[in-house]
Amino acid sequence: MSLDIDLIEYGESMWSANMTHNLNKIAIEAGVYECLWRPDEIGVKYARDNISNLRFALGIFYSKYDELKKLNPSNGWGDIDGLIEVTQDFLKACMEYPNAIIECDR
């Protein structure tokens, strides 16, 4: 099982990413699960509205890196480094396509 994130403009996907649900424990512990997995549930519809959340998430990932790294899935499917990479890419895409609608398929 995985999470698919898309930024949609004019019915077309401008950016997409996929990551394993195994990383949600790290995001939950960091307090940033909603902005990655469920932005719609915190009132975030457009990419521009998630920029500050994603910056915050990256700050938490870096400041608590060693602690969060201990939560890497034991099965080897995903790790904090991959979560950071997807979050960086998501932030970059939100800045590039600020008017895009965020769609998450869980």
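**Ground rules.** I am working with a predicted model, where local features need pLDDT of at least 70, side-chain atom pairs count only at pLDDT 80 or more, and totals for chains, interfaces and linings use all residues. Residues are numbered from 1 along each chain as its sequence is written, and side-chain values use heavy atoms, with hydrogens and water left out.

**Entry 1, the sheet.** I noted first how elements are named: helices (H or I, at least four residues) and strands (E, at least two) are DSSP runs, numbered from the N terminus. Two strands pair if DSSP finds at least two bridges between them. In what order do the 3 strands lie in the open sheet? I found 2-1-3, with antiparallel pairing. Strand 2 (12-20) and strand 3 (101-105) are the edge strands, each pairing on one side only. Neighbouring strands are turned by 20° against each other on average, direction ignored; axes here are lines fitted to C-alpha atoms, for helices over the stretch in contact, and angles run from 0 to 180 degrees between N-to-C directions.

Next I checked the pairings. Strand 1 (residues 2-9) pairs with strand 3 over 5 bridges, and D4 has D105 as its bridge partner there. Strand 1 and strand 2 pair over 8 bridges, with L7 partnered by W15 in strand 2.

I used two cut-offs. Buried means under 20% relative accessible area, exposed over 50%, and partly exposed in between (1.4 Å probe, protein chains only). A nonpolar core is a set of buried Ala, Val, Leu, Ile, Met, Phe, Trp, Tyr and Cys residues joined through side-chain atoms within 4.5 Å. The largest such core has 36 residues, and L7, M19, L36, W37, F61, L83 and F90 have the most contacts inside it. Which helix gives the most to this core? I found that helix 5 does, with 8 residues. I also looked up L36, which touches residues including L3, M19, F61 and F90, not counting residues up to four places away in sequence; contact means heavy atoms within 4.5 Å.

C94 counts as buried, at 0% relative accessibility.

I found 13 residues in helix 3, reaching 18 Å from first C-alpha to last, close to the 18 Å expected at 1.5 Å a residue. The expected span is 1.5 Å times one less than the number of residues. I51, L54, A57, L58, I60 and F61 are buried in helix 3. Its buried residues pack against helix 1, helix 2, helix 4 (65-69) and helix 5.

The hairpin of strand 1 and strand 2 has 2 residues between the strands. Y10 sits in that loop, and has a positive phi of about 50° although it is not a glycine. Most residues other than glycine have a negative phi. Is Y10 buried or exposed? I noted 84% relative accessibility, so Y10 counts as exposed.
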